[in-house]
Amino acid sequence: MIGHVKEMPDVSAPVIKLVRRTTEPVAAQTLRSTAAAVISFGVALMVLPAQPAPLTAPLTALLVVQVTLYATLTTGIRRVNSVVVGVLIAIGFTTLVGLTWWSLGLTIFTSLIIGRFVRVNEFVPEVAISAMLVLGVSQATSAAWHRVLETLIGAGVGLLFNLLFAPPVWTQSAGASIDGLARGMGRMFRTMGAEIAAGHLPFPHAAARLHEARRLDHDIVEVDASLRQAEESLRMNPRVREGLLSRVVLRTGLDTLEICAVVLRVLTRSLTDLAKYRAEESLFPPDVSAALQELFEQLADAIESFARLITTQVAANAEHAEERLTAALAASRATRDRVADMLLEDVREHPRQWQLHGALLAEVDRILDELDLDKRTERLMQELDRHSVELAERHPRLAALRRRLRGHSGRERRPTVEA
């Protein structure tokens, strides 16, 4: 899915760095917000030529324009509502009492109270902000009403800007985040395998690996934030045809990696406990250590291949990623069975902490089960069916119309749901 810029040998490093910066969501959002604000200011100057500096229009455009089209449409109305309510409150106070210290405080208090009842949700502070801005510049009722018009101009330009120029799809950023998470987990597996194969594993080293596994929670939070932005960019975006499928593939894939991260943390805890009990000896015999290193290498390949599979859009690349994942899983299962036989013999000779050996195998089994292709297909089908049912319950007429259209066209395929 993700074409890494670093794979293009003919492009210089400064150009690569510039391209990466200009394709980040923050850079794109900055350019889009600036353009919408400038356009709204120009429109306001044309509509209200006699008014000095109609800055409320670009201010509103900045509040309305979001990173994704879905966010613009869903939050734009609440933002406009908060701004207009604040302006109306300021008009009332300007007409009655003017601007004083106590009227300013009363305006803020009233705005925050009313904002709770006009369903602006997280934009309650913007009611008070809008009221203060208008209160400071509007000394007459006519001028205040011009501020309302400026607000509507800014809101309209902001909404039309994202409707006419649909924001980009941020699946590339989300895919890169998921791939980075998988690579980090793969490095942990390879490091643990190398430490076990080296022989004696000091307890502090094992404990450090456990803390590293616990820090994966923070990485997952960051990946989840990137994925949420990607999911929003896929909603209602005319550039996307199979938005629901893309969202479900990425979301279920991250859920799988999150479960694997939890299991990895438990696995490192089992190894830490073994290192604690066997402080003066190797964790395993040399043949078992070598087999475990091989198994951890294969698990790392499987997790990284799984991430490539869920972040790949091109069919040929997806088939290659699926083949790699299938091979890695098959090799991991074979090595796991071999390790199980070795550990059983080792337990018979050295029965101490036998339960940790069983826990180690159980944790490996859980990871292999989560990465299984058949289970992934089943999970995808369940999620698609769940979304279809939810859409039919929320919009029964739309669902009935789509069923009639599918029956009329004679196509027998899974319904495409755009939400």
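The structure is a predicted model, in which local features need pLDDT of at least 70 and side-chain atom pairs count only at pLDDT 80 or more, while totals for chains, interfaces and linings use all residues. Residues are numbered from 1 along each chain as its sequence is written, and side-chain values use heavy atoms, with hydrogens and water left out.

The chain has a mean pLDDT (the predictor's confidence in each residue, from 0 to 100) of 77, and 76% of its residues reach 70 or more. Helices are DSSP runs of H or I with at least four residues, strands are runs of E with at least two, and both are numbered from the N terminus. Confidence is lowest in helix α1 (residues 13-22), with a mean of 41, and highest in α12, with 92. Residues 1-24 stay under 50 in pLDDT and have 19 contacts beyond four places in sequence, a contact being heavy atoms within 4.5 Å. Residues 411-419 are also below 50, with 23 contacts in the model beyond near neighbours in sequence.

An unreviewed UniProt entry places the feature "transmembrane region" at residues 30-49, 55-73 and 85-115; such annotations may be inferred rather than shown by experiment, and the positions follow the numbering used here, with feature names shortened. In the model, residues 30-49 are 90% helix and 0% strand, and the end C-alpha atoms of this span lie 28 Å apart.

Two packed helices are described by the angle between their axes and the distance between the axes. Axes are lines fitted to C-alpha atoms, for helices over the stretch in contact, and angles run from 0 to 180 degrees between N-to-C directions. Angles under 35 degrees count as roughly parallel, over 145 as roughly antiparallel, 65 to 115 as roughly perpendicular and the rest as oblique.

The axes of α12 (residues 286-310) and α14 (residues 354-371) come within 11 Å and cross at roughly 25°, which means that α12 is roughly parallel to α14. Residues of α12, including Leu292, Phe296 and Phe306, meet residues of α14, including Leu360, Val364 and Leu371. This contact of α12 with α14 has 12 nonpolar, no polar and no charged residues; Ala, Val, Leu, Ile, Met, Phe, Trp, Tyr, Cys and Pro count as nonpolar, Asp, Glu, Lys and Arg as charged, and the others, Gly among them, as polar.

Helix α8 also packs against α12, with axes that come within 8 Å and cross at roughly 175°, so α8 is roughly antiparallel to α12. The contact of α8 with α12 has 15 nonpolar, 4 polar and 7 charged residues.
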